[in-house]
Amino acid sequence: MSALKNSVQKLFYYPSAVFGLFVVFLLVLLAIYAMLKIPYSEAIRLWRGGEDVWYQNPKFAAPAWINYFSSEKYAESFAVKTDDGSLSSEFTPGAEGTGTLVANHIFDFNYDTYPQDMILYFTSEFAEKQPFVSLEWLTPDGRIVRIANMAISRQFTYRFAQDEKLKARLKTDDIIASLFSDPETGSPIKGQYQLLLTGTTFEPGSLINAEFVFHGQVYGLAGTDHARRDLIVPLLWGAPIALAFGLIASLGSSVLTMIIAAVGTWYSGWVDELIQRITEINLVLPFLSILIMIGTFYSRSLWVILGATIALSIFTGAIKGFRSIFLQVKESMYIEAARAYGASGPRIVFLYLIPRMIPLLIPGLVSSVPAFVFLEASLALLGLGDPVLPTWGKIIQDANSNGALYRGYYYWILEPTVLLMFTGLGFAMLGFALDRIFNPKLRDA
Amino acid sequence: MSVVIQPIPESAVAPKVSARTSTTLRVSRYVVVRLLTLFVTVVIGIYLTIMIANMGGFVDTIMKGEIRDRVTQMIINNPSYQSMEQEVRQKLIQDTIAAEEERRGLNVPIAVRNFRYLSNALTLNLGRAINMTSDSGSKQVSLILLERLPATLLLMGISQLFLFFSSILLALNLSRRYGNFWDKLVVTLSPTSAVPPWFYGIFLILIFAALLKVLPFGGMVDSPPPPTAFEYSMSLLKHLTLPTLSLVLSSFFLSIYNYRTFFLIYSSEDYVDMAKAKGLPMRDVERKYILRPTLPNIITNFALLIITLWTGATITETVFLWPGLGRTLFQAIGLYDIPIIVGSTIIYAYLLAMTVFLLDFIYSLVDPRVKVGS
């Protein structure tokens, strides 16, 4: 036990180990935060959600913080609605069951780019007579632009950019740009804009609810993808999945490898021979191709792939390394003593041989985590990622198949890759330092 | 240590002939046993691959469904069959489906077919692909694979050979003065090899193709291919740069680090100190006392490297749209093209078995301590 403590203390002599530990610690925190903040079922619902879940977000929006680094300021997204009062509204009943709803939204626009789109979603309640809505747009330089007058059905969506009448009236093809710019110069005007919505209902009990969605060019902490999904969900949830996959795969394969090597060396004879033959056959099998085949033909579930990965990683070169050390350990005095007092085979294997090897197991275990984490990402990149789970690899694949690099959506590919890179480097650095501590032969070298 | 020179006893010289025959016997017995075990290994490995590739028969269901769909569509849409009686046309559809299934061998039970695949594969009779064709239009698996081979050999050859030789040379250099700045740098940077090549590929594409716009995103040559040989090779070189760089980057530092540690362990041997004490020039010490005993390991690495040249880099090739074997294999899996999957696996398995077999003999050639079959 004190040896272990000693080893942990030695770890702090290595700056790379400290960095590695720090990264692993942060990842664990991130994973815990992700699981607490977004429960599993909610994460799946969000990740698999379509337009109905994500309609409030713009497509391909970079994260909002790029405005701090960019001289050109990108419009930020927002959404307000009358239901929760974020879009302020007042309803005044009139004569003969009629009513008037006045809602206005005043917002600052201090950006150099136009938003992607502006949309109004209406829901209304009425028996026979449809409510009527008119929209006005007030610019900072004092102009009032009449947008539209329309009767609305129970579910009604008004898209500013697609209103042909408005296009004709404003004599423009790009309504959004025209609404935000100076008619003389054509450049954007910064300042306070106001959307004024006046609705009239013609029946007692008739209601209008409105939601104003402003699709800017940037969104949130992580931006959005082609399906308007907030990338923060897969970025956060990628952490626990990557950690689980990497740790279970490396723990499973290295522990099983060690047990099998110990059993083989202890019983020797045909058991040992069989294990060596299986290792040779496994060497012939194309690892990645088999995983691709399993992904394509059988199941793309992460857990099936995990099982196959572990199964294929047991009988590898590592088994020979363990075997040669076990052969030495087998001749030690304490094993002979155990044999003399009549310890059974399994007892010697599990209580004498294997505990002796655990210190040697740890560095390899930690060092092999990145390989498995990247394996998941590699399979996802080939389109064989888990169809349900949000992972970092899936983001890279989405980005890659939507041409993120060609079209300049660098944030989309950089966010998951940077996280994966840190994960890989963190574990690798920690593993390297552990290797030097547990294998003193390497330390001076 | 005093060396006592003993006179060679007569008895040690006399049975020279019998020693030679016993060596021949030992080696030939070893060769036979080794070849047999390797062959059985290859057979089992290939059979497992075939079973997985067949998905226990499920791929058949997929292919049968596809044939049924295609044939039915074809016959229904063909105007010359429109006037046929419903029953006659149904009969025609069934017959065409049966003929097509027979052509692909789907009417034979799966177990029998697996063995047929196996025996064909073992005799390197790779057969015809199911869905894929080579660029020249052939369905021969061997032609498809041969067509993609140069692309993979070019990419993997340049990157792996460069990696091999540069890391050995640099490692030798570093082991000579370990602990200096460059040595520490390599040790510090060696964890970067935890990141796979395609990952570096994405970053390199981002920097050199998307931002700087100096190198292409992917592919092998410009489209359309340049007419003259010089322009063609320049275009090839341009396309080759990023994939090669990413393959090299992803294992460069770890490879140097491994060789360096390896050389250091060997250069701390007593006989190396002895050679240095004798005042031998450093060049000789390195060549004869450090490199020589490490030769078996270096040769093993080189042999394994040659095998990786054949397999290609599936994901890196996919990221860079490089028309090599690795990407072909990935495409073949996507198209359920079992002959191609089996074909590339069998060649890999044979190469590996051959290498493993030959290495034993090469060891005994370069290292007099090693005896074949002992």
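Modeller: Chain A has 17 helices and 9 strands, where helices are DSSP runs of H or I with at least four residues, strands are runs of E with at least two, and both are numbered from the N terminus. Its radius of gyration is 31 Å, well over the 22 Å that the globule rule gives for 445 residues, so chain A is more spread out than a compact globule. That radius is taken over C-alpha atoms, and the rule is 2.2 Å times the number of residues to the power 0.38. Keep in mind that this is a predicted model, in which local features need pLDDT of at least 70 and side-chain atom pairs count only at pLDDT 80 or more, while totals for chains, interfaces and linings use all residues. As for labels, residues are numbered from 1 along each chain as its sequence is written, and chains are lettered from A and ligands numbered from 1 in the order in which they are written.

Before we zoom in, a bit more on chain A. Along the principal axes, its C-alpha atoms fill a box of roughly 105 × 45 × 40 Å. The chain is divided into domain 1 (2-47 + 230-442) and domain 2 (72-215), with bounds from an automatic or database domain assignment. The C-alpha centres of domain 1 and domain 2 of chain A lie 54 Å apart. Buried residues account for 39% of the 445 in chain A; buried here means 20 or more other C-beta atoms within 10 Å of the residue's own, with 12 or fewer counting as exposed, anything in between as partly exposed, and C-beta atoms placed from the backbone. Take contacts in chain A between residues at least 6 apart in sequence: 74% of them join residues at least 24 apart. A contact is two C-beta atoms, placed from the backbone, within 7 Å.

Now for your close look. In chain A, 5 strands make an open sheet, ordered S2-S3-S8-S5-S6, with antiparallel pairing; two strands pair if DSSP finds at least two bridges between them. At the edges are strand S2 (89-93) and strand S6 (144-151) of chain A, each pairing on one side only. Direction ignored, neighbouring strands of this sheet are turned by 15° against each other on average, using lines fitted to C-alpha atoms as axes.

Start with strand S3 (residues 99-109) of chain A, which pairs with strand S8 (residues 191-201) of chain A in the antiparallel sense over 11 bridges. Val102(A) has Thr198(A) in S8(A) as its bridge partner. Thr198(A) in S8(A) also has Ser134(A) standing opposite. That takes us to S5(A), which pairs with S8(A) over 7 bridges, again in the antiparallel sense.

Strand S5 (residues 132-138) of chain A is joined to S6(A) by 7 bridges, and the two run antiparallel. Phe132(A) has Ala151(A) as its bridge partner in S6(A), and Val133(A) has Met150(A). The hairpin of S5(A) and S6(A) has 5 residues between the strands, and Gly142(A) there takes a positive phi near 90°.

For contrast, here is chain B. It has 14 helices and 0 strands. Some 29% of its 374 residues count as buried. Helix H10 (residues 270-278) of chain B is hardly covered, with 0 buried residues among its 9, and just after H10(B), Gly279(B) takes a positive phi of about 90°.

Finally, the two chains meet: 40 residues of chain B are in contact with 36 residues of chain A. Elements giving two or more residues to chain B's side include helix H2 (16-54), helix H9 (229-267) and helix H14 (338-366) of chain B. H2(B) provides the largest share of that side, 8 residues. The side of chain B that touches chain A divides into 29 nonpolar, 11 polar and no charged residues, counting Ala, Val, Leu, Ile, Met, Phe, Trp, Tyr, Cys and Pro as nonpolar, Asp, Glu, Lys and Arg as charged, and the others, Gly among them, as polar.

Terms used
Axes are lines fitted to C-alpha atoms, for helices over the stretch in contact, and angles run from 0 to 180 degrees between N-to-C directions.
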